[in-house]
Structures are given as C-alpha cells and as structure tokens.
Number of protein chains: 2
Amino acid sequence: MANKRTTIHDIAKALELTASTVSRALNDHPKISIETKEIVRRKAKELNYTANTLAASLRTGKAKTIGLIVPRINRFFISNTISGIESVTNKAGYNIIICQSEENLQKEEQNIITLINSRVDGIMIAISFETATSKHIEKARKSGIPIVQFDRIREDVPVSNVLNDNEMASYLAVTHLLEQGYTSIAHFAGPLHINIYRQRLAGYKKALKEHNIIFDESLVFENVLDKEKGYQTTCQIINNQLNVDAIFSSSDYSALGALLAAKQLQVNVPQQLGIVGFANEPFTEFVSPSLTSINQFAEEMGATVAKTIIDQIENHNEELVPKSISIVPKLIVRESSMRSNKFN
Amino acid sequence: MANKRTTIHDIAKALELTASTVSRALNDHPKISIETKEIVRRKAKELNYTANTLAASLRTGKAKTIGLIVPRINRFFISNTISGIESVTNKAGYNIIICQSEENLQKEEQNIITLINSRVDGIMIAISFETATSKHIEKARKSGIPIVQFDRIREDVPVSNVLNDNEMASYLAVTHLLEQGYTSIAHFAGPLHINIYRQRLAGYKKALKEHNIIFDESLVFENVLDKEKGYQTTCQIINNQLNVDAIFSSSDYSALGALLAAKQLQVNVPQQLGIVGFANEPFTEFVSPSLTSINQFAEEMGATVAKTIIDQIENHNEELVPKSISIVPKLIVRESSMRSNKFN
DNA sequence: TTGTAGGCGTTATCAC
DNA sequence: GTGATAACGCCTACAA
C-alpha cells in the first residue's frame, strides 16, 4: 500500500526541478516549456500522483465544491432535481456535498454550519417543512457565501431563487377542471406557511375568480398531502355529502387517496368526481383511472439551480442583484379529469 | 460582508492567547482549563468564527468525507439507498460527495479520480451498466483508499460488498409462481454481465429445478428492463403463442409493460398470465391488477453500506478481510400473481 | 522559462 | 495548562 501519497515535491525531486515548476506544469501554465510539461506529466503518471484538492483549496480559497440541502433525497421530485444539479456541477468541475434536513429545522441549521465549515463555494437549499425562520440562511448569506434557494424557499431572504410557477400551475389545473364542467372544486393544500402551497392556493383562487365562482373557504383542506389524509378527507367529503364535484390536490399522493376513497364509496371518477394531482409522480400514469397532474420538470429545475449558483460563484459581483427564475410546469391531462369526452 | 473569515489566530490575538490554545480549547482538549475554554468559545461565537475543515483535513490527513458513485440518483432504489447512507454518515460526522456515472464507464473512472483528488476517506460505489472492467476500482483500492461496493458490483475486486440476496429473491418469486400453479414461466433478465441479473437468473433456475421443471433457455429474454421492452416482448410471447403462463421480470418497469400488453391483447392477469416484478417501485401497488414484486429495503441497504465503510475507515487494519453482507429482500404478493384465490 | 519564499488555517510535538 | 514552532501540499508574487 502506498504509505504516503506522491506530492509535487516528490515529482520535483525525481526530476531535479522545483515544486513550483511542477505545479505550473501540471496546471498547464503558459510560461512552462512544452518539454518540461511533458516530462512532468509522465513522471506524475509514473509515480501515481494524484493532486491534493484540499491543499489547493486551502491555498486558493476556492473549494470547487457546492453544498446542497434538501428535506429528503428519496423523493421523486427531489432526486430528479439533484440529478439535474449533478449533471451541471460535474461538467463545470464542481463537487456537490449533499445533506438531508429530514424536514427538521435543527438538522437544517446544522447542515448549514457543516457546509460553511467545509468551505463550500456556495449553498443550494430547499427548506424543510419546519423552517419558519430565516436566521440560519441569513447568517450564511451575511458571511458572504453565495446561496440559491429552490422550490421551497424563504421569501424574506434576498438571494436568487429558482421556482416552479406554482400559481400558474394551479391556475391551469383548476381552469381545466372548470372547463370540464366541474363547478364545485375542493382543494387539498399543504402547510400554508410554505410558499409553494400558498401559491398553489392562490392559483386555485385566481381561476375560480376568473370564472366568477365565489371562493369557499370550507372547501380548502389544509395539510392533506399523503395518501391516508387524502383518503380520509375524501371519505368525509362524500359521506357528509358536501357539494363537491372535483378535487384539486397539491399532492399526487393525496389525490391518489381521493381516488381510492371514491372507488371504495362507488363514486365514479371522473363522472361524479374529477381529480387533479400535483407533481406527476410516476404512478399517476398507471393508476386507473389515470391521474391528471402537473409535471414539474425537476431535472431542468436542478440544472437551472446549478447554473445559477455557479454563475454567482464565478462572477461574484459585490452588489449582486437576486434573481428569481420561474419554470412553468405543464398540466398533464389524463382520465381522472376528462369528463367532457364522454358527455360531449 | 466579512472580507476575511475569522481564524483561530484572530481569536488568539483578541484574547492574548496563542493559536494552539485556542485550537485545543475549541476541540475540548482535556488539558485546557474550563475557564479558558469558556472565554474562547464565547469569543469564537462573538467573532462569528467557523472552523476551516479544509485546513484541519490537510493537517490531519482525514477529510471526514466519503465519496459515493451511483449510476443515476433519480431512481427509486438508488435515491432511497442514498437516503439511508446520508442518515448514517451525517450522524457519524461525515459528509458525502455524490457523483453520477450516468451508466457510463468513462464518467465512472473520472468520478473515482475526482474523489481521490478530494482526498475522501473512502468510496462507496454501485457500478454502471457499462462497467465490464475493474481497473479503475482496483487502482483506487491499491492506493489504499477504503472501498465498499453495493448492489451492482465487480466480483473480482477484493473489497467489502453489500448486496441484496438476489438469488434468494428470485427463488422466492418463482417458487411463489409455481405454487400458484403456473408451470411455464418466462424470465425478463437484465444484462447478464452484471451480477444482480445473473443472480436473479440463478434463483429462477434454482426454483425451477427444485420443482423438476426443465430450464428452457428460450424463455429467458435478456435486456428487458424498461416498459417498452417489456411490452414488446410480451406481445411477442402472446402473439407467437409461446407456451408461457407467467412472467418473472427483473424489473418492475418491464413487468408493467407486460401488464399493459396483456391488457391490450385481452389476456387476463393473473388468470391466464401471472406477473411478478422486481424492486417494489411505488406504482406496483397502484396499478390494476396490482403487481407482485420484491421489496429491496433500500434505506437499510444504504445504512449498512455507510456503516461498513465507516467501520473500515476508522478501524483501518492493514490486513482487512473483505466482508460480503447480504440483505434478504421480501416478496410482496399482490394481485398479478394470485391465481389460487379464485381457483381454490 | 524557472526558482525562491511565504502563506492558506490547522494541529502535533516539543518545550516550559 | 499554555506557548512556540513546524508541517500538511499547494499556489503565486516576485525575483532572476
């Protein structure tokens, strides 16, 4: 086993050169002769030299590493976003260090500290459900480290964001339901202290308003994001004979729960109940009836996030103006909301 | 903006101490008085000090960082594995740097170099489809860096592995089909130069043998892993009237393709055709009929991978004996393979 | 075109 | 219990 790794000094010694020359040769410095570069490279390979990025980073102050904080890695949307991020960062020569907050504020705060200690060149973050403060992000920002927020963000932190246009997405979804002849649309919302769920609600309201339908608060069910909640809430709606002929859900999972409840209670989807979910999870295509949903272009979002932070890192204008980049999601119409086909 | 970050020297100066003392105080060194520790900590907080892990790593030779190479992050099984890994590494104070090989050998080789340059303390890897050589992994291993392979591995590299017991899983699945009265079972395999697909085939053969069914090579379809391939292959099987009454697939996606083909060609599942997939993707539960599959306990696998590499890093016995850890997956029986209920 | 010297921020090893 | 000093491996003025 190689007890000690070869350094540029070893190469220098073997070649009767100095470490500086070796360093420059390896970095393809213009003022080093081609021959020197050649022999240095050859020797490096021969001695199994591998550069020590750590030392270089310490010296240059640039770690060529970007931190990423997400609530959970194993979510369809998130993992696809990460995939998009990695593709871009990798090409640009950056590593990414990934942390999960596990929807926990304390872990998120700890993650930020860890990343700062690792001297990452920037931080990309999607906040946890619990994150109802901006202190930790502000602290990082004030320390001068580039930050980009995405998807779930704190709107009071003046940094660049990459977001889906959630309001537009909802608007499209609800408009679609209205055009299909549904008139009394319930909404399954998430926690409304999180931007994305607030925006989805806003789009829902906007579409209603445009169709002169009065917003009925009792049709908004907060915190209905998983299958069970969706199932229970839908059972309630049906059993209590609430006047509801469609559901627009902020989550495909609760939409699925709605579907299962309807099936069980013999309510026909889409005839008696239209359903639209959110996120275009893979299963939406395969359930029966297939589930109308919103495709969020996660990989593209990830790529945009990565490009934004890299741009910020490399063109570090002191007076950086935060950008807000919006990606327009797409409504994917499927069976669960297609009533008109059969009627018209 | 903080032009320069505070260092232990700044703290030392402010307190009329030396950097060594500050360093020791911050690291809770036993020989530093409690009072000193207190004032140092206070001052550190006051000056917004954040430790520079880079410098410490350079000095100690330990980066407290582990590299992870996977084919793609955005796969259900992989992202869940990563989640399990992160939970463990985080708790143990390690960062993880994630790279995607994108099923590409060249990228995988590059990833290894990058990780070595970053002086990671260890590497966890699941190889790409293209990886038909072990050179790059061997090179890393010989350089003395701890490596753990998982899921998709090169069997000729003498390092520790964490694997699903794919053979057992297949065996369970096929035995289940046989017990349901299916007698002529086709197998959708993956590329057979990859261990997991070879093992799945082996389990398939073993179950057949035990039931005295002669293995028929023409019923094994290699490289049928996605929905389209599954669909096409199943259409072929049905249209050519091959004598097949069940399909055991190495992938839920091709199993889904089989399901769709059967539906379209009016072949009843499970009565005329039993189907079992692999991986227990979320959609398997929701398609109709629901799909029998194999649950792989990805998070647990990830946790095991992380524990294994950390153990190896921290108890670095020169003569380390590679371990092979096997996790037994679970057969999840659903509608697509339950014929007996209706017959018996 | 190459060499010299110094420092990035820590920590380890001696001293005292 | 604390201080002085050197070293981890690399990069970069500045000098030659």
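Modeller: Two strands pair if DSSP finds at least two bridges between them. The model discussed here is predicted.

Biologist: Which residue of β8(B) stands opposite I185(B)?

Modeller: Strand β6 (residues 185-188) of chain B runs parallel to β8(B), and four bridges join them. In β8(B), the residue opposite I185(B) is A246(B).

Biologist: Are the residues of strand β8 of chain B buried or exposed?

Modeller: In a regular strand, side chains alternate between the two faces of the sheet. In β8 (residues 246-249) of chain B, A246(B) and F248(B) point one way, while I247(B) and S249(B) point the other way. On either side, these residues are all buried.

Biologist: Why is strand β1 of chain B said to be largely enclosed by the rest of the structure?

Modeller: One side of β1(B) carries T65(B), G67(B) and I69(B), and the other carries I66(B), L68(B) and V70(B). Both faces are covered. The strand is largely enclosed because, of its six residues (65-70), the number buried is six.

Biologist: Through which helix does the chain cross from β1(B) to β2(B)?

Modeller: β1(B) and β2(B) run parallel and are joined by six bridges. L68(B) is opposite I98(B) in β2(B). The crossover between these strands is right-handed, and its helix is α5(B).

Biologist: How many charged residues are on the side of chain B that touches chain A?

Modeller: The contact involves 40 residues of chain B and 40 residues of chain A. On chain B, the elements supplying at least two residues each are α4 (53-60), α5 (76-91), β2 (95-100) and α6 (105-117). By class, this side of chain B has 19 nonpolar residues and 18 polar ones, and its charged residues number three.

Biologist: Which element gives the largest share of the surface near DNA strand C?

Modeller: DNA strand C is surrounded by 25 residues, and the closest are S20(A), T21(A), N52(B), A55(B) and A56(B). Elements of both chains give two or more residues, among them α2 (19-26) of chain A and α1 (8-15) of chain B. The largest share is five residues, and its source is α4(B).

Key. Residues numbered from 1 in each chain as written. Chains lettered and ligands numbered in written order. Predicted model: local features only at pLDDT ≥ 70, side-chain atom pairs only at ≥ 80, totals over all residues. Contact = placed C-beta atoms within 7 Å. Nonpolar A, V, L, I, M, F, W, Y, C, P; charged D, E, K, R; others polar. Near = placed C-beta within 6 Å. Buried ≥ 20, exposed ≤ 12 C-beta atoms within 10 Å, placed from the backbone. Right-handed = clockwise from strand over helix to strand, strands pointing away.
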